[in-house]
Structures are given as structure tokens and as C-alpha cells.
Amino acid sequence: MEDIAGKDNNRENFESLFQGYADVVYRLCLYKTSNEDVAHDLTQETFLRLWKTLSSGKEVTKPKQYIYQIARNLIVDYYKSDKAISLDELQEEGFDPRSNESSAEIVSDASILRAAIEALDKEFRDVVYMRFVEGMKVTEIAEILDISENLASVRINRGKEKLQEKFK
Amino acid sequence: MKITREQFNDAQKTFSKKSLSGTQKHTMLSAIYSESAEVATKPVVPSLSSYFISFRQKVLAAVAVIVLLVSGTSYASALSLPGDLLYGMKINIIEPIGLALRFSEESKNEYRILLLQKRVAELESLQQRGGIDEDAQKASSEAANKNVKELERSAIFDEKGENTDVSEKVKIYNNLIDAELKIETNINIDGPEELDVTGHVDTKEAITDVSGSGANESNDPLDIEATIEVEKQTDLPLQVESGSVIQAEIPGL
């Protein structure tokens, strides 16, 4: 009975995290890869790993941080693999943004955001993305990145200043 | 690529609204649960490499068991006495291996004489334990006869064509068995392969045969003093296998 209750509890916990973070993970993957299909697959893989962890009975003390870390690792793995194709390569191979207006717009938006944020120093990229693209609170950013709220706040402000300098 | 503030803000507004549809989420959850269930119920089929690792481990384990069994059994058999279950292994496997490890004919003969000496020591051990039964006598005699036959085949004959060295050893052996242990024996050089230690063959005849010349050199068993004298002549170290329960002084051949 305890096992069944535990499994139900794990499932409930997992689905709660999925509903709360599936879109965040999906957008992160889309932002990083500019490919909706890849973003979809990476999101699914992220939550599959989370579910395997939770269903095995392991305790995840910081689930948001854990999810974000899995997603980032998967993105890194994706770029290390031969599957990763840049947007330029897609266009050269016949990718036509006009054939899918929605996708083209998203890919374009992701490219604009990435071009601006990835030009910042590494320490500011994540906090700026989370704060100004995802609209996360300082507390949440600090929790996900496992840094103090104070440091997160400093980095957000410094990153914002750096970003504004880029716009000038 | 130069990005303006307006472009960034527009992109941010559009991008942040991008999300998975309800159907996509439902499909994704179903896929996660089904894939997780497949992994959980998937039978574990070892890969080819793991099979070979497993096979190698099995072979190593089997070899280790065999080595342990053989070495353990060998050790036990080396300590066995006539009439013991492992005595046959000692005589037919362990001692021939020891013989094979000696390369010169001289060292082989020294080892054979040592083995004959051991036969006496074994019987003494049995006697101290409480007695020598018929089976033990027979086993010991067969082993001694085997040693003598090998010794005879490899012995260097003197200019008269007599194998006096072997004869002397056999005489001493017979004397020790007869006089010391009160066991009648018939170990002889030219005798039959199958030995009877139960007293059907006259010891005196055996000793006569040992001489190889047909002359009855001695009808009396050799006394201990003579034995000791021969021991000094042969210069063979007295060796007793470890673990032997012999307490009495082991006569040398």
C-alpha cells in the first residue's frame, strides 16, 4: 500500500512539475536550438529523466534546478552530436521559413534574443534570459542557478546594463 | 548582427508566449510514461561484450575453483598414508609430477630412493596411529614396488652388469619393513609386478633375487647398524613430507 501511495505521490509531484515547467524548458530548448522539433524532443527527454528519477524513489531536493540542469546538459549533448544543424545550414539546405510562418517567426525571435543575450559575458546570460525572457523572479532564478538572491540580483542589474549598452 | 531594443522587446513578447499546446503536453506525458514502462519491463539482454565479460568471469571462476580443488586435494593427498582415499593420487599423480620436475637421471634416482624411504615412514606413521591393516600394507607395498621398478629401469649397472645400488636399497627397505615394522614384504627387482605383502612370498627369496646374481648373499635380514651404514654411504638427505605425524626417527635408506 505504501508503495502504491508512494508511486501516486511521485506521479502527482512529477505532473505538477511538468505543468509548471514544461513550457519553460521547451522555450529554453527552442531559444538554444531554434528548432521546434528538437526543442520538443529535448523537453520530453528532460521530463522523462525527471520521471525516471522520481519513480525510482530518489529524492530531488531542488526540482527546478534539477530540471534546468538536465535541459542544459541535453542541449550541450545535442550540439556535441551530429544532429545539430545551424540555421544558416538549414537555409542552405532548402529550409524555407515562409512555408511555416509560425515557425519562422519563432525561429526569428529566438535568433534575435540569442544574438543579444549570448553577446553578454557568460555570467550574465542565464540571469538575463530568465529575468527578461521568462520573467522569473529573483528568488526563482537564485534557486535554479543555486546562487544567492543577492548575487542573482547583482547579475541581473549588471546584465541589464550590459544589454542596454549593446542596444545603443 | 546588430539588435535594437525594439527588436529585442518584440521578440521577447512573442517568444515568451510560445508554449506547448495541451495536446502536445498530453502526448508528451503519455510518451514519457510509456517509455518509462517499456524500460522497466524490458528484459535484460546482455550485450555481446558483456556476455564475453561474463563468460570470461565464469571461466576464471571455474579455473579458480579447479585450482583450489586440485591444490587442496593435492595438499591433502600429499599428506595421505597407505589405505587413505587420496593415497592413489599421491602415488600416481603427485609423485610422478615431482619426478618429472627432476631432469637429470641422477636426481630422478635420488628422488625414487627418497620415495622408497617415504614408504617406510608412512608405515611407521600408520603403526604409531594404531596399526597397519592389510589394505594399507598392500597399498604401501604396491607403491614401493612401483618405486623399485622405476629405480631398476633407470639404474646404472656396474661393470658386472649388476644393479647393486638398487639391490642395496631394496635390501634395506625389506629389512626395515620386516625387522622394524614386523611386516613381511617381498619387494624385489626381478619379481612380479603384483606384490603380495601378506606373507605368501619368502622374504629370503626376495633378498636373494635382489642380488641379481643368483647367489644368496644374505639369508638374514639386515640389521639396523648396517642400515645406518648404508645411509651414510648414500649421502641422501632424510626428507619427510610436511604434515607427517611421524615422531620416531625415520630410517634412511
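Biologist: How many residues does α5(B) have, and what span from its first C-alpha to its last would be expected at 1.5 Å a residue?

Modeller: In this predicted model, α5(B) has 25 residues and reaches 36 Å from its first C-alpha to its last, which is close to the 36 Å expected at 1.5 Å a residue. The residue that follows α5(B) is G130(B), whose phi is positive, near 145°.

Biologist: What makes α5(B) roughly antiparallel to α6(B)?

Modeller: The axes of α5 (residues 105-129) and α6 (residues 134-154) of chain B come within 10 Å and cross at roughly 165°. Angles over 145 degrees count as roughly antiparallel, and therefore α5(B) is described as roughly antiparallel to α6(B). The crossing in which α5(B) passes α6(B) is left-handed.

Biologist: Which residues of α5(B) meet α6(B), and how do they divide by class?

Modeller: On the α5(B) side the residues include I113(B), L116(B), R119(B) and L123(B), and on the α6(B) side they include A136(B), A144(B), V148(B) and L151(B). Taken over both helices, the residues of this contact divide into 10 nonpolar, four polar and six charged.

Biologist: Which kinds of element make up chain B as a whole, and what share of its residues count as buried?

Modeller: Chain B has nine helices and zero strands, and of its 253 residues, 31% count as buried. Among the contacts in chain B with a separation of 6 or more, 58% are accounted for by residues 24 or more positions apart.

Biologist: Why is S34(A) called buried, and where does S34(A) lie?

Modeller: The cut-off for a buried residue is 20 or more other C-beta atoms within 10 Å, and S34(A) counts as buried because it has 21 C-beta neighbours inside that distance. S34(A) lies in the loop between α1 and α2 of chain A, and its phi is near 55°, a positive value in a residue other than glycine.

Biologist: How do you know whether D146(A) is buried or exposed?

Modeller: A residue is exposed if 12 or fewer other C-beta atoms lie within 10 Å, and D146(A), with 10 such atoms, is therefore exposed. D146(A) lies in the loop between α7 (138-145) and α8 (149-167) of chain A, and its phi, near 60°, is likewise a positive value in a residue other than glycine.

Biologist: Which helix supplies the largest share of the side of chain A that touches chain B?

Modeller: In all, 26 residues of chain A are in contact with 21 residues of chain B, and the largest share of the chain A side, eight residues, comes from α5(A). By class, that side has 16 nonpolar, four polar and six charged residues.

Methods:
Residues are numbered from 1 along each chain as its sequence is written. Chains are lettered from A and ligands numbered from 1 in the order in which they are written. This is a predicted model: local features need pLDDT of at least 70, side-chain atom pairs count only at pLDDT 80 or more; totals for chains, interfaces and linings use all residues. Two residues are in contact if their C-beta atoms, placed from the backbone, lie within 7 Å. Helices (H or I, at least four residues) and strands (E, at least two) are DSSP runs, numbered from the N terminus. Ala, Val, Leu, Ile, Met, Phe, Trp, Tyr, Cys and Pro count as nonpolar, Asp, Glu, Lys and Arg as charged, and the others, Gly among them, as polar. Axes are lines fitted to C-alpha atoms, for helices over the stretch in contact, and angles run from 0 to 180 degrees between N-to-C directions. Angles under 35 degrees count as roughly parallel, over 145 as roughly antiparallel, 65 to 115 as roughly perpendicular and the rest as oblique. A crossing is left-handed if the near helix is turned anticlockwise from the far one by less than a right angle, and right-handed if clockwise. The expected span of a helix is 1.5 Å times one less than its number of residues.
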